[in-house]
Amino acid sequence: MIREVTHGMEAPALPRPSKRQRLASMCSAAGMLPGLTSLRQVLRKDLRILAYHRVLQVDDPAAFAFDLNEVSASPEQFQAQMQLVKRDYDPIQFQDVLAAWNGGAPLPARPLIVTFDDGYDDNYHIAFPILRGLGVPAMFFVSTGHIDSGQPYAYDWLVYMLCRTRATRLTVPELLLDEPIPEPLEGRRALAKELLFHLKGLDAVDQAAVIARLAGAWKMLPEPHAQCRPMTWDQLREMRDAGMEIGAHGVHHHILAKLSPAAMREEMRESMETLTRELGAPVDVLSYPVGGPDSYDAQVIEAATQVGFRLGCNYITGVNRLPTTAHFDLQRLSVESEMDLDWFAAMTAMPEVFAHRKRVRLG
Ligand SMILES: [Zn+2]
């Protein structure tokens, strides 16, 4: 059974997505959002940080064997969302936040930052041209080991294996899991979701061991795949040169707080070193892989500070009230593909009511 996990802000009792969707449409149709937004801005000033993973059109889900939960928006949805961001907010960069906190120019009235986690190549091929066309900057948090290797991310590969394996049982003693693998793809996706949820509770070494063991047993060792390709360093440098920001998301996408202290510090050091070498300068910001409350702690923040990071984003739902001193606990608003434009508008305007509560998928 998969539990729904709510992080960060206090969500009122009502919203299942469908109800939230209908309420958002009502508010939008009644023209309430601009008034609510203005009222809110009188009462408080927030830094909103949107969190995306993939921007992708999946025409035939049966032919797509990777994790559909990673798809945050279609190209059309993303274009409309960025047009709204440009119209209703002041899109800024983390550099602006750092400058303002260091006594530079104050932040604009409605600051908002667009971020992406992991580093999928659809970020370059699809999201980047839309962002550049509109003049909206964004931050891309990348796992350097995957940029180097071109290999799919481990959690994605796990979903792929479960969608495509000819094995008939899923046996993971570490999780007390021994279940038949259903034939229909939908059933396999549901099983993969359940497995991922429980897997993220293990320490990082055990997670990798489970995935490697299944890959060996099912003869499905990870290999580059056109449907789940990381960006290249050349693509990242091109985006950086066009005004985008690049940040860290670990080396191997391990959950930092679930590594040994030495391995965690090494992951932090290596990601900073690789990004510095490939981009020609150190980076300032990281996002913690997976990003929930259990994925980082005071030790992780201390290690991040020691290697030179100055800001850290989690994947806990919320906005950041300004002025904030939580430089390593910046909360974000996750964008999900089931959000239509009304819901997206309502979520950015009134996050306490309309933000998507995270279920299994974390950053
Ligand atoms: Zn991630």
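How many salt bridges does the structure hold? The structure holds 15 salt bridges, a salt bridge being a side-chain nitrogen of Lys or Arg within 4 Å of a carboxyl oxygen of Asp or Glu. The model is predicted, so that local features require pLDDT of at least 70 and side-chain atom pairs count only at pLDDT 80 or more, whereas totals for chains, interfaces and linings use all residues. Residues are numbered from 1 along each chain as its sequence is written, and side-chain values use heavy atoms, with hydrogens and water left out.

One of the salt bridges joins the side chains of R110 and D90, at 3.2 Å from N to O. R110 lies in the loop between α4 (94-101) and β5 (111-118) and D90 in strand β4 (residues 90-91), so this pair ties together parts that are 20 residues apart in sequence. Helices (H or I, at least four residues) and strands (E, at least two) are DSSP runs, numbered from the N terminus. R110 is partly exposed, with a relative accessible area of 26%; buried denotes under 20% relative accessible area, exposed over 50%, and partly exposed the range in between (1.4 Å probe, protein chains only).

A second salt bridge is formed by R332 and D117, whose closest N and O atoms are 2.9 Å apart. This pair links distant parts of the chain, with R332 in strand β13 (residues 330-334) and D117 in strand β5, 215 residues apart. Both R332 and D117 are buried. In the salt bridge between R229 and D121, the closest N and O atoms are 4.0 Å apart. Here R229 is in the loop between α9 (204-217) and α10 (233-241) and D121 is in helix α5, 108 residues apart. R229 is partly exposed, with a relative accessible area of 35%, whereas D121 counts as buried at 12% relative accessibility.

When residues up to four places away in sequence are not counted, N123 touches H53, R54, V55, F116, F128, F140, M231 and M239, contact meaning heavy atoms within 4.5 Å.

In soluble globular proteins, nonpolar side chains tend to be buried together. A nonpolar core is defined as a set of buried Ala, Val, Leu, Ile, Met, Phe, Trp, Tyr and Cys residues joined through side-chain atoms within 4.5 Å. The largest such core comprises 65 residues, of which L50, Y52, F78, M82, F116, L131 and M347 touch the most other members. Leaving aside neighbours within four places in sequence, F78 is in contact with Y52, V55, A73, F116, A127, I130 and L131.

L170 belongs to the covered face of strand β7 (residues 169-172), together with V172, while R169 and T171 form the uncovered face. Strand β7 runs antiparallel to strand β8 (residues 177-180), to which four bridges join it; two strands pair if DSSP finds at least two bridges between them. V172 stands opposite L177 in β8. The hairpin of β7 and β8 has four residues between the strands, and L176 takes a positive phi there, near 55°.

The buried residues of helix α12 (residues 298-307) are V300, I301, A303 and A304. Seen down the axis of α12, these residues fall within an arc of 160°, so they line one face of the helix; the arc is that of the directions from the helix axis to the C-beta atoms. The buried residues of α12 pack against α11 (261-279) and β10 (285-287), and the face turned away from the buried side carries the exposed residues A298 and Q306. At the start of α12, a side-chain oxygen of D297 reaches to within 3.1 Å of the backbone nitrogen of Q299. The helix is followed by G308, whose phi is positive, near 110°.

In helix α4, F94, V97 and L98 are buried. These residues cover an arc of only 95° around the axis, which puts them on the same side of α4. G103, with a positive phi near 90°, follows α4.

Conventions: A polar contact is a pair of N or O atoms within 3.5 Å; within protein, one must be able to donate a hydrogen and the other to accept it, and residues adjacent in sequence count only if both atoms are side-chain atoms.
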